[in-house]
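Here is a short tour of the protein, written to be read with the model open beside you.

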Amino acid sequence: MTETRQATQPTTSDREIVVSRLIDARQELVFEAFTEVEHLSRWWGPKGFTITTRSFEFREGGVWDFVMHGPDGTDYPEWITWIELVPPKRITLLHGTSRDDPKAFESTLDFTSHGAATRIVMRSVFPTPQLRDQAVLEYHAIEGGEQTLGNLAAYVVEAAQKEDR
């Protein structure tokens, strides 16, 4: 008798946060909002946060080193390296507080055209379930992700309206 074993894929669902939004702008414009620091500085982060960029290079292996300033005056050092860029369909990045942050998490953003609109799905995978839970409970990561995509939507819809004029 031959025994057959199915290869099982490891699941990351206990380490994931998934946030999505349908944005009323074309896919290329939504993707473009990630490509320049002038764009990102206008919409990145939850409501009430601002950004100071130290360095920015949008290319695979490039880094965005910045500080997020909370509405209460708290500064949050942030560091992103771009892992994969597939214009205008996908961005994969590693996000932490510094290059050597052991708590850094990987996010993949998928951009899918829906007629004149774009669906963006942001899937973040943390190193452990505990770090995912900490991000949700202490940093309100789900709400913050939804607000960030809301800011992105408002920014690109305004840009699209300017394009149409």
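## Helix H3 and what it packs against

The buried residues of helix H3 (129-139) pack against E1 and H4. In this predicted model, local features need pLDDT of at least 70, side-chain atom pairs count only at pLDDT 80 or more, and totals for chains, interfaces and linings use all residues. Residues are numbered from 1 along each chain as its sequence is written, and side-chain values use heavy atoms, with hydrogens and water left out. Helices (H or I, at least four residues) and strands (E, at least two) are DSSP runs, numbered from the N terminus. Packing here rests on contact, meaning heavy atoms within 4.5 Å.

Which residues of H3 are buried? They are Leu131, Arg132 and Ala135. Seen down the axis of H3, these buried residues fall within an arc of 105°, so they line one face of the helix; the arc is that of the directions from the helix axis to the C-beta atoms. Gln130 and Leu137, on the other side of H3, are exposed. Buried stands for under 20% relative accessible area, exposed for over 50%, and partly exposed for anything in between (1.4 Å probe, protein chains only).

His140 follows H3 and sits in the loop between H3 and H4. His140 has a positive phi of about 55° although it is not a glycine. With a relative accessible area of 46%, His140 is partly exposed.

Helix H4 covers residues 141-164, and its 24 residues should span 34 Å at 1.5 Å a residue; the end C-alpha atoms are 34 Å apart, which agrees. The expected span is 1.5 Å times one less than the number of residues. Among the buried residues of H4 are Gly144, Gln147, Leu149, Leu152, Tyr155 and Ala160. The buried residues of H4 pack against strand E1 (16-23), helix H1 (27-32), helix H2 (37-43) and strand E7 (117-125).

## The largest pocket

The largest pocket has a volume of about 1,000 Å³. A pocket is found on a 1 Å grid over the protein atoms alone, as an open set of points where a 1.4 Å probe fits, with protein on both sides within 12 Å along at least five of seven lines; lining residues have an atom within 4 Å of a point. Grid points are joined across faces, edges and corners, and the volume is the space filled by probe spheres set on the points.

Of the 35 residues that line this pocket, Glu78, His95, Phe105, Tyr139 and Ala141 lie nearest its centre. H4 gives the largest share of the lining, six residues. By class, the lining has 18 nonpolar, 12 polar and five charged residues. Ala, Val, Leu, Ile, Met, Phe, Trp, Tyr, Cys and Pro count as nonpolar, Asp, Glu, Lys and Arg as charged, and the others, Gly among them, as polar.

## Two spots among the strands

In the loop between E4 and E5 you will find Pro88. A cis peptide bond joins Pro87 and Pro88, with omega about -15°.

Asp65 is in strand E3 (residues 63-69). Not counting residues up to four places away in sequence, Asp65 touches Thr53, Arg54, Ser55 and Glu78.

## The whole protein

The protein has four helices and seven strands, and from the N terminus on its elements run β-α-α-β-β-β-β-β-β-α-α. Of its 165 residues, 40% count as buried.
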